[in-house]
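Please keep the sequence and the model in view while reading.

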Amino acid sequence: MTTSVKSFDTSALIASLEGIEIITDSHQVAKLSQDYHTFSPVLVPKLEGKVGDLVVRPANEEEVLKVAAACVIHRVPVTVRGAGTGNYGQCVPLYGGVILDMTRMHEILWVKPGIARVQAGVNLAALDKQAREIGWEMRMAPSTYRTATIGGFIAGGSGGIGSIQYGFLGDRGNLQALKVVTLEDEPRAMELRGDEVQKVNHAWGINGVITELEIPLAPAYPWVEVIVTFDDFMQAARFGQSLAEAEGMIKKEIAIFAAQISHYFTAIKQYIPDGTHAALLIVAESSFELLSGLVRQFSGKINYQKLAPEAGKGVNLGEFTWNHTTLHARTVDTSMTYLQSIFPADNLQVVEHMYHHFGDEVTMHLEFVRQHGRVVPGALQLVRFTTEERLNEIIRYHEEQGVFIANPHTYIIEDGGRKAIDPEQLKFKEMVDPHGLMNPGKSKALMLR
């Protein structure tokens, strides 16, 4: 497979795309060549100045096929983007070319009990709203769900709010089907179903242009949002673990924050007394009555509750969790960055060790999730950045203690959370992108071929 990228004739490419929306204004192109990799002080200098040559916004699959054919003929790199809410530079083009903006393809094709079919540019909140009209909702969503697109979430996300109940996107059953356009000499639209979706799922846009998806849905419960505070961090962590393990209680979000983090939460810090550690929860209304007993068991105090009838109004606790926590922190202090971690299951001793070992340098933010059927404490710890060398030391120390780190400070797929690309994804890549035009430079395995 050829992976070298050559110069191309921009004027000839544009002429071949007549009738399709194209953006060539340098400021707009630069803006649409970025994502939230700025959360990482390591990635910022590495990706500085990396922009596309033009942005193309297809309105339908026919136009995507036309763009694919033109890019193959002219050997133009293609970087696909949704809303650009990712954090790893995966929609930043390393070699220029076309930024393929999928946000015009935002039609919800159909919603049925338990499943929906949508175009890749559909906004997550819009899908959730329509599904709720028939009693269903998305199984999981990132904290950026108000702006993120479903195609971007599948290509670059892994889990989020709802993962305590349904695990991660890569788990069997969380993605039913998807349709991709290839960059072969004669591009085609391919439908992948069942386990075949893993050839494209979470592949960072290197394995075809996702145009449509079928997403399994979850029953839509009336949700209650709750803030519980604790005087001791490990009591908060043990409470989170116990709530996560309570099989009979239906929950959507369990986030635990060390006391230092609450002052970044301007809109809700009035409910978190100074020096206390907070749990931000989303639980089903039917389980809310059981929550108070568990709170008392761990010496906590409920300081805030928003019942289901008020859901969707005002502050939404989900927007203080997952990587929105990092966003809030960086709004106050730009020296803050973060890690992405999975701690050993059923063992909060490692959490406790890290909490005391690093102190304010690495502030604990836990996100309880379900992985392979077991409750595990995930984390997006806030890190006070000093140097890249020190950051790498922190990462190594975690790994030595048995903590899995999905490094968010690299754009190389294998150096992040994947460690190695699935051989089946590589085989599929060779078939659908024989000229190596899709998001080049992001994989060690592909660069070595």
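The largest cavity is lined by Met138, Arg139, Met140, Ile150, Phe153, Ile154, Leu169, Asn174, Ile215 and Pro216. The model is a predicted one.

**Cavities and pockets**

- Helix H6 (150-156) and strand E10 each supply at least two residues of the lining of the largest cavity.
- Helix H6 gives the most to this lining, with 3 residues.
- The second largest pocket holds about 600 Å³ of space.
- A set of 23 residues lines the second largest pocket, and Asp128, Arg132, Tyr145, Lys252 and Asn316 are those nearest its centre.
- Two or more residues of that lining come from each of helix H5 (124-132) and strand E11 (223-230).
- Helix H5 gives the most to the lining of the second largest pocket, with 5 residues.

**The open sheet of 8 strands**

- An open sheet is formed by 8 strands in the order E14-E11-E13-E12-E18-E19-E16-E21, with antiparallel pairing.
- Its edge strands are E14 (301-306) and E21 (404-405), each of which pairs on one side only.
- Strand E16 (residues 341-342) runs antiparallel to E21 and is joined to it by 2 bridges.
- Ile342 has Phe404 in E21 as its bridge partner.
- Strand E11 belongs to this sheet and also gives two or more residues to the lining of the second largest pocket.

**Strand E4 and its parallel partners**

- Strand E4 (residues 98-101) is covered on both faces: Val98 and Leu100 are buried on one side, and Ile99 and Asp101 are buried on the other.
- Strand E2 (residues 54-57) pairs with E4 in the parallel sense over 3 bridges, and Val55 stands opposite Ile99 in E4.
- Strand E3 (residues 78-81) also pairs with E4 in the parallel sense, over 4 bridges.
- Asp101 in E4 is the bridge partner of Arg81.

**Strands E8 and E9**

- E8 and E9 pair in the antiparallel sense over 5 bridges.
- Val180 has Met190 in E9 as its bridge partner.
- In a regular strand, side chains alternate between the two faces of the sheet.

**Helix H13**

- Gln425, Leu426, Phe428, Lys429 and Val432 are the buried residues of helix H13 (residues 423-432).
- These residues lie on the same side of H13 because they cover an arc of only 165° around the axis.
- Pro423 and Lys427 are exposed on the other side of H13.
- The buried residues of H13 pack against strand E8 (177-181), strand E9 (189-193) and helix H14 (444-447).
- The N-terminal end of H13 is capped by Asp422, which has a side-chain oxygen 2.8 Å from the backbone nitrogen of Glu424.

**Thr211 in strand E10**

- Thr211 lies in strand E10 (residues 209-219), one of the elements that line the largest cavity.
- Thr211 counts as buried because its relative accessibility is 0%, and buried means under 20%.
- The side chains of Thr211 and Glu61 are joined by a polar contact of 3.3 Å.
- Not counting residues up to four places away in sequence, Thr211 touches Glu61, Val64, Met102, Met105, Val118, Gln119, Ala120, Lys179, Val180 and Val181.
- Among these contacts is Val180, whose bridge partner in E9 is Met190.

**Ser40 in a loop**

- Ser40 is found in the loop between helix H2 (26-31) and helix H3 (43-47).
- Is Ser40 buried or exposed? Ser40 is buried, with a relative accessible area of 0%.
- Ser40 and Asp25 are 15 residues apart in sequence, and their C-alpha atoms are 27 Å apart in space.
- Leaving aside neighbours within four places in sequence, Ser40 is in contact with Thr337, Pro408 and His409.

Terms used:
Residues are numbered from 1 along each chain as its sequence is written. This is a predicted model: local features need pLDDT of at least 70, side-chain atom pairs count only at pLDDT 80 or more; totals for chains, interfaces and linings use all residues. Side-chain values use heavy atoms; hydrogens and water are left out. Two strands pair if DSSP finds at least two bridges between them. Buried means under 20% relative accessible area, exposed over 50%, partly exposed in between (1.4 Å probe, protein chains only). The arc is that of the directions from the helix axis to the C-beta atoms. Contact means heavy atoms within 4.5 Å. A polar contact is a pair of N or O atoms within 3.5 Å; within protein, one must be able to donate a hydrogen and the other to accept it, and residues adjacent in sequence count only if both atoms are side-chain atoms. On a 1 Å grid over the protein atoms alone, a cavity is a set of points where a 1.4 Å probe fits but cannot get out, and a pocket is an open set with protein on both sides within 12 Å along at least five of seven lines; lining residues have an atom within 4 Å of a point. Grid points are joined across faces, edges and corners, and a volume is the space filled by probe spheres set on the points.
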